[in-house]
Every structure is written in C-alpha cells, then in structure tokens.
Amino acid sequence: MAIGQLTISNLHKHYNTFRAVEDVNLSVPPGSFLSLLGPSGCGKTTTLRMIAGFIHPTIGEIEVDGEVVSSADFVLPAEKRQMGMVFQSYAVWPHMSVFENVAYGLRTRRTADAELKRRVNEAIEIVGLKGQEQKFSSQLSGGQQQRVALARAVVTEPRILLLDEPLSNLDAKLRESMRIELKRLQRKLGITAIFVTHNQEEALLLSDQIAVMSQGRVIELCGPHDLYEKPRTRMVAEFVGLSNIIPGSVTAIRGNFATLETPIGKIESLAPHLASDEKPDGRFALLVRPESIELWQDPGEGRHRGRIVEALYNGNIIDYLVKLEAGDLSLRIQQFAPQRHADGDTIFVGIPKNGITVVEDYATKI
Ligand code: ATP
C-alpha cells in the first residue's frame, strides 16, 4: 500500500473567540502535492502546524494512513509522526558540516553507521550538494542552505513533507530554479507534500491540488488548471492571476452554459458551477483573463469597438488597457509581442466563448 495519505476532517483552531482555522476538510493522496494558498493571516501556517503536531486542534481530526495523529483530545508528538519539515528560515545548524546537518535525524534514531552514511550521501546527492559534504553550513549560499534543509527533511524517509514558505527567502532567479528542483525531488521520491505559500504562481506551478484559504476557511479546493480557468468565486479569480470582471445578471441557464445580461450586451458563457436548476439571482459576474481576449483592426460579429488607453511593452507580451465604447467598461488585455497597437488606436475586441467563465460575485475580499 502506498504511504502518505493525509486526511483532515472538520479541523478547527480557536484562540478564545478568534477562529484561526475553521472547518477545514482535505484529502491528500499518497505522493501528491497540495498547496495551502492565501494571504497573510488566513490560517495556512496554523493548519500546517497542526498537521506537524506543534498545535493542538480545538475540534476535528487529522489522520495519516488511517491512523489518527491529532484530535481534540489526542495529539501524537511531532517527532513520532514521520514527517519532515522545511521552514522559510532554513534552520540549518551553522556550526555543523553539511553531512552532519543531514545526518542529525538519523543519529537521533541511532541508525547504524554504514546505513547512515549511505542514506546521508544519497540525500545530499538528490539535492545536488555532492562534493560539499564537509563544508560548514555557514559557508553556503541561501539556496545551498535550503537544499541542506531539504536533504535533512527527506533523509529519514518521512511519510509527509511539510514545506512552510521554503522559497521565500531566496532571490527571484534562484527561487525560480529551486521551484523546479523541489517539484522534481518530490516526484522522484514520490512523497506527499504540503506546501504553504501566499505566492499564487508557485502554487499553480507545483501543486496537484490547491486549497485557497480565507479567514480560516478553505474557500476553494481544486487542481491548478481549474483554479485558474474556472474559479468558483470572484474573490479567487482576482487573487489567482490577472482578471477582468464583467458585471452581469444571469438571464438563462442551459446545461453547462449561462447567458448573462452585461453592460456590453448578452454574453453566453461556460458556467460549470451553476447547477441548471438553480434560480439565477444576479450574484454572478463574468471572468475573462487578459490573455483570452482578441484584438482586431476591423469590426466583425460579436466584436466590441474600443480605444487603446495604454500599451505597456513587457518583453514577450504587450499589456493593453482598452476602453470599450459600450458599457463604460475597461479591459486589460495581454498579447504576445511584437506590438501592433499604440495608445489612442481604435480597435475591436473579441471575447471568445471558451475564454469566459461565470463566477459567484460576493463583496468579500480575500
Ligand atoms: P502568514 O502568511 O502571515 O504566516 P498565515 O495564513 O500562515 O499567515 P496563521 O499564522 O495561520 O496565518 O494565523 C492565522 C490567524 O491566527 C492570524 O490572524 C493570527 O494572528 C492568528 N493566530 C495565530 N496564532 C495565534 C495565537 N497563538 N493566538 C492568537 N491568535 C493567533
């Protein structure tokens, strides 16, 4: 049986009357990568620390491979959970060599010498630090120190790897390459990973599932593709990626599609979250991502006349702000360079049907 199944049921953490985590339910299959994504204070670290065994839940249960490790009246100590943890601050010991840092967990478990050497060398090789074994951690760069922390977390062959913003102390370039390495390492080891981040790009890139949290709750849980293409709510649409929101009210629903009356006329859109029997009541809007919109020189069926207010050159793409004539609506549109339109140009905007989705439109912000 594959190991590393994590199941979280009805998990709450209350501090007096403050609800830091509220009714979180998650099922993470063995070997998969789940991100807890959300702004500062939404409860992601508290959830991770409950999984690690550092914080006791107020209500609810955490199970690993069918065994309850946390509940309101029982908490298995962190060191008995077979979980590895990597922190934002690396937390490697500066006075110890790379080898000794990585070996620490195995020494405390009294692993035999030959076995210890084999496993430490293997972990050091996996994270790309072969040849650096005898260096002190203080002689390493930030990226290398984070690799030591990763090797130290995986050398004990944990059932679950917990990652608390492990890349956020690295500079932008290094961060980008470490993301890819982290994903490769997780896949290679086939280890279940729980990753805390407020960086939506990182969550999209790394995850099999993303749990978006707001005010202690998971407000959306799905794969990266669905989260970006078909978010359920306006809040999530605006938090993950760039978005245009077109206000509207639903006038008809047919199967997976809905028709909305909008300031630029009737628009038919994919509406996967609208049950066909639900009464349309105006709590919805349309999401159109900037790269889904087409810009044309000429008028045509379904095209909206507008004017380029601003064209920003961004290397591989041009970022346009377009004001439509109808409906007092401005849209952000991204197209691949080379630039074809300049400030003040009249253009025609096409919104392809498969580039629009209906989202629930609540006032609350993440
Ligand atoms: P960040 O990205 O800033 O770390 P987060 O999403 O990880 O944020 P948490 O650290 O989980 O957020 O905190 C969630 C909420 O619970 C915050 O409002 C925080 O102030 C509160 N909180 C955390 N620990 C305690 C505590 N010991 N007592 C009271 N409130 C707490």
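Buried means under 20% relative accessible area. Keep this cut-off at hand for the exercises below, which use a predicted model.

**Exercise 1**

*Solution*

Step 1. Look at one face of the strand. Thr192, Ile194 and Val196 point one way from E8, and they are buried.

Step 2. Turn to the other face. Ala193, Phe195 and Thr197 point the other way, and they are buried too.

**Exercise 2**

Find which strands pair with E8, and in which sense.

*Solution*

Step 1. Take strand E3 (residues 33-37). E3 pairs with E8 in the parallel sense, over five bridges. Here serine 35 stands opposite phenylalanine 195.

Step 2. Take strand E7 (residues 160-164). E7 and E8 also pair in the parallel sense, over five bridges. Here aspartate 164 stands opposite valine 196.

Step 3. Follow the chain from E7 to E8. Together with helix H5 (residues 172-189), these two strands make a right-handed β-α-β unit.

**Exercise 3**

*Solution*

Step 1. Recall the bond. A disulfide is a covalent bond between the sulfur atoms of two cysteines. The cut-off is a sulfur pair within 2.5 Å.

Step 2. Check cysteine 42. Its closest cysteine sulfur is in cysteine 222, 16 Å away, so the two are too far apart for a bond.

Step 3. Check cysteine 222. Its closest cysteine sulfur is that of cysteine 42, again at 16 Å and too far for a bond.

Notes: Residues numbered from 1 in each chain as written. Predicted model: local features only at pLDDT ≥ 70, side-chain atom pairs only at ≥ 80, totals over all residues. Heavy atoms only, no water. Buried < 20%, exposed > 50% of the residue type's maximum accessible area, 1.4 Å probe, protein only. Helix = DSSP H or I, 4+ residues; strand = E, 2+ residues; numbered from the N terminus. Pairing = 2+ DSSP bridges. Right-handed = clockwise from strand over helix to strand, strands pointing away.
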